[in-house]
Each structure stands twice: as C-alpha cells, then as structure tokens.
Amino acid sequence: MTHDQVHDQASFAQYVAGLRAELDRPSQSERWENAELPQFLEAMSAWAADWPHAADPNPWKHAAAVITAAIVYE
C-alpha cells in the first residue's frame, strides 16, 4: 500500500502497520534514511515546516504523506 491509497482511519492503520513490517525486512528497510525514532521525528518536523503546499484535504492521507516523507527527508 502507498500513502496515496490512504483514505480513512482503517487504511491509515493498515499503511502504518505495513511500514512497521517493512522495517523488519532488511531488503525493504534499506530505503529508510531515518529508521531511528529521533531522526524520524526530526525529519517529520523539518518536512512539515518546509513543505510549501497546502495540506491534503483528507487528514488521513495527509498524515500518511508526512510519515512517508519522514522516511527519507534530510
């Protein structure tokens, strides 16, 4: 599932669970630049501050986009 497929609470929970499972698979976790919580939260904060566009009107989809960005944002 991608963050673009998130549309409600249930799909958001499924998306986050999928990301958590991804971290347990070394072949897929390699894309995570910020796999440790402090770095992840710092990246999330930086992305939220730097993002120049309006938030997605769907809050579940927007939250998924923020999480996705924090995976790799530096």
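**Close-up views of a predicted model**

**View 1. The surroundings of Trp-32.** Once residues up to four places away in sequence are set aside, Trp-32 touches Leu-19, Glu-22, Leu-23, Phe-40 and Ile-71, where contact means heavy atoms within 4.5 Å. This is a predicted model, in which local features need pLDDT of at least 70 and side-chain atom pairs count only at pLDDT 80 or more, while totals for chains, interfaces and linings use all residues. Residues are numbered from 1 along each chain as its sequence is written, and side-chain values use heavy atoms, with hydrogens and water left out.

**View 2. The largest nonpolar core.** Trp-32 also belongs to the largest nonpolar core, which has 11 residues in all, among them Leu-19, Phe-40, Ile-67 and Ile-71. Such a core is a set of buried Ala, Val, Leu, Ile, Met, Phe, Trp, Tyr and Cys residues joined through side-chain atoms within 4.5 Å, and buried means under 20% relative accessible area with a 1.4 Å probe, protein chains only. Two or more residues of this core come from each of α1, α3 and α4 (59-72), and α4 gives the most, with four residues; helices are DSSP runs (H or I, at least four residues), numbered from the N terminus.

**View 3. Ser-11 in helix α1.** Ser-11 has its place in helix α1, and it counts as buried because its relative accessibility is 4%. Leaving aside neighbours within four places in sequence, Ser-11 is in contact with Met-1, Gln-5 and Val-6.

Notes. Buried means under 20% relative accessible area, exposed over 50%, partly exposed in between (1.4 Å probe, protein chains only).
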